[in-house]
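Good morning, everyone, and thank you for making time for this.

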Amino acid sequence: PLGVRLSARRAGLGPVCPDAGLETLLQAARLAAVNAPALRLVLRGADTRTDPVGRSYWRHLCSRLPEPLRRSVSFAGPVRVSELQRLPPAGTQCVLAARGHGTPGEVLLAMAAGFAVTAPDGSIGAELLGANDTGQVVPDGDAQSLADALVENARQPERTRRRAVMKSRLA
């Protein structure tokens with residue numbers, strides 16, 4: 001779960017591997033930057049040796065980012081227990097991994113922390129969010145819908161924070 005200032009931050013949470021929705025998230029970040037240039041993306045999760053030749057998938061993705069986006073995207077590895085007291089503030093946007101790549105623990109952590117959680121349809125995150133009406137679900141693989149959700153939340157940071165904190169009580 002992670003991101004820089006309440007209105008200028010979003011995070012991706014889940015494994016850094018193919019089919020986890022990272023390509024869609026990065027494309028959404030590029031689209032969102034047009035209307036919200038201050039947004040920053042911090043990916044959190046375990047990197048995997050799944051690039052085309054068995055090396056870091058994060059480095060593989062990073063090497064393909066256009067220069068302006070490269071400066072606004074970073075990777076901070078998995079969330080460690082020692083970091084739980086220093087999580088980003090409530091209302092920070094958090095995008096969960098696609099399909100079966102996330103874990104219920106990641107979803108519950110993001111919800112309990114009061115993050116504004118967005119998950120792709122068909123993911124573990126979407127199942128838990130939908131069951132508790134605690135976040136936003138977007139079509140899987142639809143970068144424009146994800147970008148629209150990120151920009152909408154960034155444009156209304158106080159509403160986003162209040163809504164996320166209120167819904168965190170359900171977690």
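This is a predicted model: local features need pLDDT of at least 70, side-chain atom pairs count only at pLDDT 80 or more; totals for chains, interfaces and linings use all residues.

Let me start with Asp19, which lies in the loop between strand S1 and helix H1, where helices (H or I, at least four residues) and strands (E, at least two) are DSSP runs, numbered from the N terminus. Although Asp19 is not a glycine, it has a positive phi of about 75 degrees. Asp19 counts as partly exposed because its relative accessibility is 43%; in these terms buried means under 20% relative accessible area, exposed over 50%, and partly exposed in between, with a 1.4 Å probe and protein chains only.

Residues are numbered from 1 along each chain as its sequence is written, and side-chain values use heavy atoms, with hydrogens and water left out.

Which other residue has a positive phi although it is not a glycine? That is Arg99, with a phi of about 50 degrees, and it is found in the loop between strand S4 and helix H4. Arg99 has 28% relative accessibility, so it counts as partly exposed. One of the residues that touch Arg99 is Ser123, which sits in the loop between strand S5 (116-120) and helix H5 (124-132). Leaving out residues up to four places away in sequence, Ser123 also touches Ala97 and Ala98, where contact means heavy atoms within 4.5 Å. Is Ser123 buried or exposed? It counts as buried, because its relative accessibility is 0%.

Now to helix H4 itself, which spans residues 104-112 and in which Glu106, Val107, Ala110 and Met111 are buried. These residues are on the same side of H4 because they cover an arc of only 130 degrees around the axis, the arc being that of the directions from the helix axis to the C-beta atoms. As background, an α-helix has 3.6 residues a turn, so residues three or four places apart point the same way. Just after H4 comes Gly114, which takes a positive phi of about 80 degrees.

Let us turn to the interior. A nonpolar core here is a set of buried Ala, Val, Leu, Ile, Met, Phe, Trp, Tyr and Cys residues joined through side-chain atoms within 4.5 Å. The largest such core has 27 residues, and those with the most contacts inside it are Leu22, Leu25, Leu41, Val73 and Leu146. Two or more residues of this core come from each of helix H1 (22-35), strand S2 (40-44), helix H2 (57-63) and helix H6 (143-155), and H6 gives the most, with seven residues. If we look at Leu22 and set aside residues up to four places away in sequence, we find that it touches Pro15, Val16, Cys17, Leu43, Tyr57 and Leu61. There is also a second, separate core of 12 residues, which includes Leu13, Cys94, Ala110 and Leu129.

How much space lies in the largest cavity? It holds about 190 Å³, where a volume is the space filled by probe spheres set on grid points, joined across faces, edges and corners. On a 1 Å grid over the protein atoms alone, a cavity is a set of points where a 1.4 Å probe fits but cannot get out, whereas a pocket is an open set with protein on both sides within 12 Å along at least five of seven lines, and lining residues have an atom within 4 Å of a point. Of the 22 residues that line the largest cavity, Ala20, Gly21, Leu25, Val95 and Leu96 lie nearest its centre. H1 provides the largest share of this lining, three residues.

The largest pocket contains about 150 Å³ of space, and among its 13 lining residues Ala33, Arg40, Pro68, Leu69 and Ser72 lie nearest the centre. Two or more of its lining residues come from H1 and from helix H3 (67-70).

Finally, consider Arg159, whose place is in helix H7 (residues 157-168). Arg159 counts as partly exposed because its relative accessibility is 26%. Apart from neighbours within four places in sequence, Arg159 is in contact with Glu152 and Asn153.
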